[in-house]
Amino acid sequence: MTGGARKNDGSGKPSPEEAALSARLRSLGARLGSTQRNRPVDENVAARQGSDPSAIARGFRLSTELVAGVLVGAAIGWLLDRWLGISPWGLIVFLLLGFAAGVLNVMRAAGVSGQTKG
Amino acid sequence: MADPIHQFEIKNIVTLGHIGGQEIAFTNSALYMLIAVGVIALLMLGATASRSLVPGRLQSIAELSYEFVADTLRSSAGNEGMKFFPLVFTLFMFILTVNMIGLIPGTFTVTSHIIVTAMLALLVFFTVIFYGIYKNGFKFLKLFVPSGIPIYILPLIVFIEVLSFLSRPISHSVRLFANMLAGHITLKVFAGFVTMLGGMGFLGWLGATLPLGLTVGLTALEFLVAFLQAYVFTILTCIYLNDALHPGH
């Protein structure tokens, strides 16, 4: 680069270097714009989800997914039992459903299930 | 030995008033949130004050974080997802800054309280629901009906899908909270061993080098975890927002 020609040197007319530089800047801007427009959009969420950067984080993520599913199932079952007085059927059914949801969560998080997009 | 849980204690700094018999106070947690917001605001304002073509250090930090979050969002929610950029960027910067501030000895870690992470996760959860219904209307419910499922097991699948959807804010918030809590407790316990062994004479001094080394190593690990959990929270936010934009499988 020509040293420090970025600033206008006081005179109203830009120097030739300055003009060349701003032309280059404009072409760079145009090139950047076109690359940004043509940036490939990675639609494959499964691949992204499967590529957490560290194994600890990934393992932890999978375990919380499973536990969260079971917890939500248990909570809904317990509440239904209390409101409808159908104890213990709500807890039994929703705990099992929650477990299934947890397994589904884990499969999605690990990118095993084909329907990761949802 | 110092109590490892003591660092998570909420202390009132100024009591602002009472609502329904519940004390509303400005706590140390709120103070550190304010500090984090101040740090982010200063960083971003300072970085964009002199917008030069060749970025300086501060501007590089701001540009790198912008690019990082924008790429994450674009790759998981597509270009349409960029309308959520302010939300996602705010979440990322807030969680990252709060985690990093929490690593300074003697400070309070806001994200080690589940109520904070739960509110952040619920914010994302409700954004997904409201925006999904606003944009897609009734079609948003297709999220719960995967295609290509035989009709006789469809009700079961729908139940499981709904439960899976409801479990999201839980796993979303528990992950961040548990990581920060566990990391800080581990650090405190190992650091406590150093002082305990140090009080036992020469052999104790020798023995104390082991937990001291571990504490140093753990501190480095905690920096990684602090960044990683902010990133994981952000990428999950993006994936969930993708559901609001494109429901249906």
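Guide: Let's begin with Thr107(B), which counts as buried because its relative accessibility is 18%. Buried means under 20% relative accessible area, exposed over 50%, and partly exposed in between, with a 1.4 Å probe and protein chains only.

Visitor: What kind of model is this, and what are the ground rules?

Guide: This is a predicted model: local features need pLDDT of at least 70, side-chain atom pairs count only at pLDDT 80 or more, and totals for chains, interfaces and linings use all residues. Residues are numbered from 1 along each chain as its sequence is written, chains are lettered from A and ligands numbered from 1 in the order in which they are written, and side-chain values use heavy atoms, with hydrogens and water left out.

Visitor: Where is the place of Thr107(B)?

Guide: In the loop between H3 and H4 of chain B. Helices (H or I, at least four residues) and strands (E, at least two) are DSSP runs, numbered from the N terminus.

Visitor: Which backbone oxygen lies 2.7 Å from a polar atom of the Thr107(B) side chain?

Guide: That of Ile101(B). The Thr107(B) side chain also reaches the backbone oxygen of Gly102(B), at 3.4 Å. A polar contact is a pair of N or O atoms within 3.5 Å; within protein, one must be able to donate a hydrogen and the other to accept it, and residues adjacent in sequence count only if both atoms are side-chain atoms.

Visitor: And what else does Thr107(B) touch?

Guide: Leaving out residues up to four places away in sequence, Thr107(B) touches Tyr32(B), Ile101(B) and Gly102(B). Contact means heavy atoms within 4.5 Å.

Visitor: How do H3(B) and H4(B) pack?

Guide: At an angle of about 170°, with their axes 12 Å apart. Axes are lines fitted to C-alpha atoms, for helices over the stretch in contact, and angles run from 0 to 180 degrees between N-to-C directions. H3(B) and H4(B) are therefore roughly antiparallel. Angles under 35 degrees count as roughly parallel, over 145 as roughly antiparallel, 65 to 115 as roughly perpendicular and the rest as oblique.

Visitor: Which residues meet there?

Guide: From H3(B), Leu87(B), Leu91(B), Phe94(B) and Ile95(B); from H4(B), Leu120(B), Leu123(B), Val124(B) and Thr127(B). By class, this contact has seven nonpolar, one polar and no charged residues. Here Ala, Val, Leu, Ile, Met, Phe, Trp, Tyr, Cys and Pro count as nonpolar, Asp, Glu, Lys and Arg as charged, and the others, Gly among them, as polar.

Visitor: New topic. Which residues touch the most other members of the largest nonpolar core?

Guide: Met44(B), Val88(B), Met93(B), Val128(B), Phe165(B) and Phe233(B), out of 51 residues in that core. A nonpolar core is a set of buried Ala, Val, Leu, Ile, Met, Phe, Trp, Tyr and Cys residues joined through side-chain atoms within 4.5 Å.

Visitor: Which helix gives the largest share of this core?

Guide: H7(B), with 12 residues.

Visitor: Take Phe233(B). What does Phe233(B) touch?

Guide: Not counting residues up to four places away in sequence, Phe233(B) touches Leu91(B), Ile95(B), Leu120(B), Ala121(B), His172(B) and Leu176(B). Apart from this core lies another, of seven residues, among them Phe94(A), Leu97(A), Leu104(A) and Ile160(B).

Visitor: Back to Val88(B). Buried or exposed?

Guide: Buried, because Val88(B) has 0% relative accessibility. Val88(B) sits in helix H3 of chain B. Beyond four places in sequence, its contacts include Val69(B), Leu73(B) and Leu241(B).

Visitor: And Val128(B)?

Guide: Val128(B) lies in helix H4 of chain B. At 1% relative accessibility, Val128(B) counts as buried. Past its neighbours within four places in sequence, Val128(B) is in contact with Phe140(B), Phe165(B), Tyr240(B), Leu241(B) and Ala244(B).

Visitor: Zoom out. How many helices and strands has chain B?

Guide: Seven helices and two strands. From the N terminus on, the elements of chain B run β-β-α-α-α-α-α-α-α. Its C-alpha trace spans about 75 × 55 × 45 Å along the principal axes. Of the 249 residues of chain B, 46% count as buried.

Visitor: What about chain A?

Guide: Chain A has four helices and zero strands. Of its 118 residues, 25% count as buried. Residues 24 or more positions apart make up 44% of the chain A contacts with a separation of 6 or more.
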